[in-house]
Amino acid sequence: MEVGEERFPKQRQVLVLFLLVGVALAGWESRRYSVMEETESGSFVANLAKDLGLGAGELAARGARVVTEDKEPRLQLDLQTGDLILNEKLDREEMCGSTEPCVMHFQVLLKKPLGVFRAELLVRDINDHSPDFPEREMTLRIPETSPPGTVFPLKKAQDLDVGNNNIQNYSISPSSHFHVSTRDLGDGRKYPELVLDKELDREEQAQLRLTLTALDGGSPPLSGTAQVHILVLDANDNAPEFAQRLYHVQVPENSPVGSLVVKVSARDLDTGTNGEISYALSYSSQEISKTFEVNSLSGEVRLIKTLDFETISSYELDIDASDGGGLSGKCSVSIEVVDVNDNSPELTISSLTSPIPENSPETEVALFQIRDRDSGDNGRMTCSIQDDLPFLLKPTEENFYTLVTNGALDRETRAQYNVTITVSDLGTPRLKTQHNITLLVSDVNDNAPAFTQTSYTLFLRENNSPALHIGSVSATDRDAGANAQLTYSLLPPLDPRLPLASLVSINADNGHLFALRALDFEALQAFEFRVGATDRGSPALSSQALVRVQVLDANDNAPFVLYPLQNGSAPCTELVPRAAEPGYLVSKVVAVDADSGQNAWLSFQLLKATEPGLFGVWAHNGEVRTARLLSERDAAKHRLLVLVKDNGEPALSASVTLHVLLVDGFSQPYLPLPEAAADQAQADPLTVYLVIALASVSSLFLFSVLAFIAVRLCRRSRAGWVGGCSVPEGHFPGHLVDVSGTGTLSQSYQYEVCLTGDSGSNEFKFLKPVFPNILGQDIGRKAEGNPTFHDSLGI
């Protein structure tokens, strides 16, 4: 099996071109050309371009070539002139033997588009072979009693030529007793027979020597001669006679060596040696003598070589039966070789296209020819491929097939196909041939890049170093080669105010993201942008993904104390009555931290006090409270150093100094906190809290001064009244900054001021704040049960 190395390049053909070519070649039929054998190489046979209706230049453009069935380069096509010329001398006898007519089949293959045209070359015989006898001398034993008219078969001559150039007649000379008649058995073969004209007389002439001449019908005729030696015998007047003059036999070509082909039988009425018959092949070519043998005693014809129907389909044997007296008889055996399915189909690839672009339907992939040397059903073939492949087989002419794609291919689904072409005959048993073709699918840019995630979230701690690698994005492309090579880029931000170009950059080759400058969590906590991935196909395809960068807080801000203010002015002094109970709220340190999370969790600690153990600071809210009952021995002035520390790593801190003054004689009326004011204090932002706190303290101070003046005027107008006190009816709103765990106020405080009528010091006293909790309620109950407490208020 041979595979053509030439491959047809894939070209798109316009429908009009197919129609024009189809119309131009629609009238083509198998044409026959003729040439005489032994014609010189290079001789002109025919002009195929003219017969095909094509210009000489079109043959070269369409890659025309001549293919013969036996693959022998006997013909050559001149692509420039369109002439078909002989590539070598043709010997009809070598090509066809005795077969007449001698026809050589060939095809003309055209491409772009595909075309197959059949033609035949008839090789005509010339008289280039003389008749030749297998034996130069033949001996005949003729009884003297043979009557005139007795016929004696002679061995015929062989002439390789056919038709009129074959043997036409025989003659014999010199002879006065015999003449030669030419016998035609009806199968085209002519046999010489020696006819006795006059009785022989052994006593007069015991032997004769004659010359047998075979003459063919050529011009000029050629001849061959053989010597006939005639021995005149005494009376043996009965020649052997065969039961049949012609035997017809059919022999399967797969018969083993030694198989019996036929048994011929002859009889002789004579007795003794004159009746003993021996059998022999009368004439045998070299091929027959190598294939058959005859048992001289039994007349059995057996095989001595295997038969091949595809080489020789029939044999003609001549068998002589001779008795001991020299008489002989002749019969013919016609052996027909019966074909068996012993040849597998053959497949020859003429063209193959690989790789095939994907998304290209109805594309010609391969052109091939199939052949089976058997005959009948044994030579009929079917051709198929696997059912699960996107390909089709389309028959053309003279057992040519084309393999085409059945729809568009997808390289990303399957990049390679192994196509097995199976050719099976219809014989019994069925034989088949398989040919494997590997087809590659080339890539087309039909897949856009795809990110591994539709969105990415990256975390970056603030105060990072510039050019820091913060993460990567990744995309894949199902295409191959340049169609799968990706380039990453930053897309314009959705928010034009975002300076994306100064924040991050991306590596175009691998998608790595880098921070271009240090980020500040307090200024920018998060930002989003889009990245794109573009392949290098034509046209280029792209996709995009969303990237969110979350800036993580670092502990880079120390706590800031809001209250008491540390602005270098006069220190703030907190007044505490000596009658204060343990847990009395002296003040509250209010601080904030610009960081977030645990970096903004503040804790408070009393670092230093004038009198240790007298005051304490709550760690979580910064409230400064008395730790025990005050006594007259405690100093009047105290200085407290409070440390505010966050929970970051490492922790940052700030300190504040409180001045506390112990005073005597202040009362503690309970002023309930309006719920609306409390809700507003908790709901407003920190800045509003600070403003309200400062306004409340200022209003309270101003209101206290006004109350003091009013009391003084009241005392002057009522000199005889003792214990009276003028107190404003309304509450004094004095909301301070509420500080929670992150620096916000957790409580609201109100203060009331009252002047005692019997106080000789004429001073006002600050009372401790009223809590909406159990501690405030306890203090209120103690005030109700303590008459001294009521007297101090002047009630």
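User: Which residues form one aromatic cluster with Phe-451?

Analyst: This is a predicted model, so keep that in mind as you look. Phe-451 clusters with Tyr-456 and Tyr-488.

User: How do I read a pair of aromatic rings?

Analyst: You describe the pair by two things: the distance of the ring centres and the angle of the planes. Now try it here. By the pairing rule, the count comes to eight aromatic pairs. One of them is Phe-292 with Tyr-315, with centres 5.0 Å apart and 80° between the planes, an edge-to-face pair.

User: Where in the chain do Phe-292 and Tyr-315 sit?

Analyst: Phe-292 belongs to strand S20 (residues 292-294), while Tyr-315 belongs to strand S22 (residues 314-322). The two are 23 residues apart, and the pair links distant parts of the chain. Both Phe-292 and Tyr-315 are buried.

User: What about charges and rings: which ring does the charged end of Lys-156 sit over?

Analyst: That's Tyr-191, and the charged end is 5.9 Å from the ring centre. Have a look at Arg-625 as well: its charged end sits over the ring of Trp-618, 4.6 Å from the centre.

Notes: Residues are numbered from 1 along each chain as its sequence is written. This is a predicted model: local features need pLDDT of at least 70, side-chain atom pairs count only at pLDDT 80 or more; totals for chains, interfaces and linings use all residues. Side-chain values use heavy atoms; hydrogens and water are left out. Rings of Phe, Tyr and Trp (its six-membered ring) pair if their centres lie within 6.5 Å; planes under 30 degrees apart count as stacked, over 60 as edge-to-face and the rest as tilted. Helices (H or I, at least four residues) and strands (E, at least two) are DSSP runs, numbered from the N terminus. Buried means under 20% relative accessible area, exposed over 50%, partly exposed in between (1.4 Å probe, protein chains only). A charge sits over a ring if NZ of Lys or CZ of Arg is within 6 Å of the ring centre and within 35 degrees of the ring normal.
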